[in-house]
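Subject: Structure handover

Hi,

Here is the structure I promised to pass on. Have a look at it first, and then read my notes below.

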Amino acid sequence: MNTEIQTLDQKPVFKSTSWFLSRQTSKKRTWKGLKQIVSSEKSLPWGENVVHYSSINAPPSFLPPEKFSDLSGLSAPYTDPQTRLRFANKEEYTTMIDLPMDITAGYLALRGATSIVG
């Protein structure tokens, strides 16, 4: 019975003392910025097909590119066959019909598309 009272009075130890001592003697961790990471990656020998921070060319995506409306920026499931502008709903389509050809060509130039089909 005497041993039961002693175990209840003792506080449990969650950390080992060796962990605490090693934590005090270690150096402070230094963090690297992006420029340091890129320069250290350039100095390492990499294979040709490895993608890392300094590589510009990434592998192609297997997903099809998402199309956005030229007028509102919403997801655009529809394309006008005459002007090749993309639109999201019928309100945008009615607005798009009233646009002059130079504005339509400007929207296509912003998207990077070529000239109007005809």
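A quick definition to begin with: I call two residues in contact when they have heavy atoms within 4.5 Å. Counting contacts in the chain with a separation of 6 or more, 22% are between residues 24 or more positions apart.

Before you go further, this is a predicted model, so local features need pLDDT of at least 70, side-chain atom pairs count only at pLDDT 80 or more, and totals for chains, interfaces and linings use all residues. Residues are numbered from 1 along each chain as its sequence is written, and side-chain values use heavy atoms, with hydrogens and water left out.

**The overall layout**

The chain has 5 helices and 2 strands, in the order α-α-α-β-β-α-α from the N terminus. These are DSSP runs numbered from the N terminus: helices are H or I with at least four residues, strands are E with at least two. Of the 118 residues, 13% are buried; buried means under 20% relative accessible area, exposed over 50%, and partly exposed in between (1.4 Å probe, protein chains only).

**The annotated stretch**

UniProt, in an unreviewed entry, lists residues 67-96 as "domain: Vps72/YL1 C-terminal". Its positions are in the numbering used here, the feature name is shortened, and annotations may be inferred rather than shown by experiment. Over residues 67-96 the chain is 23% helix and 13% strand, with the end C-alpha atoms 17 Å apart.

**Ser69**

Where does Ser69 lie? Ser69 is in the loop between helix 3 (34-43) and strand 1 (78-79). Ser69 counts as buried because its relative accessibility is 6%. Its side chain makes a polar contact with the side chain of Glu92 at 2.5 Å (a pair of N or O atoms within 3.5 Å; within protein, one must be able to donate a hydrogen and the other to accept it, and residues adjacent in sequence count only if both atoms are side-chain atoms). The Ser69 side chain also reaches the backbone nitrogen of Ser72 at 3.3 Å. Leaving aside neighbours within four places in sequence, Ser69 is in contact with Leu74, Ala76, Arg86, Phe87, Ala88 and Glu92.

Arg84 sits in the loop between strand 1 and strand 2 (86-87), and its phi is near 65°, a positive value in a residue other than glycine. Most residues other than glycine have a negative phi. Arg84 counts as partly exposed, at 26% relative accessibility. Leu44, in the loop between helix 3 and strand 1, is partly exposed too, with a relative accessible area of 47%.

Cheers
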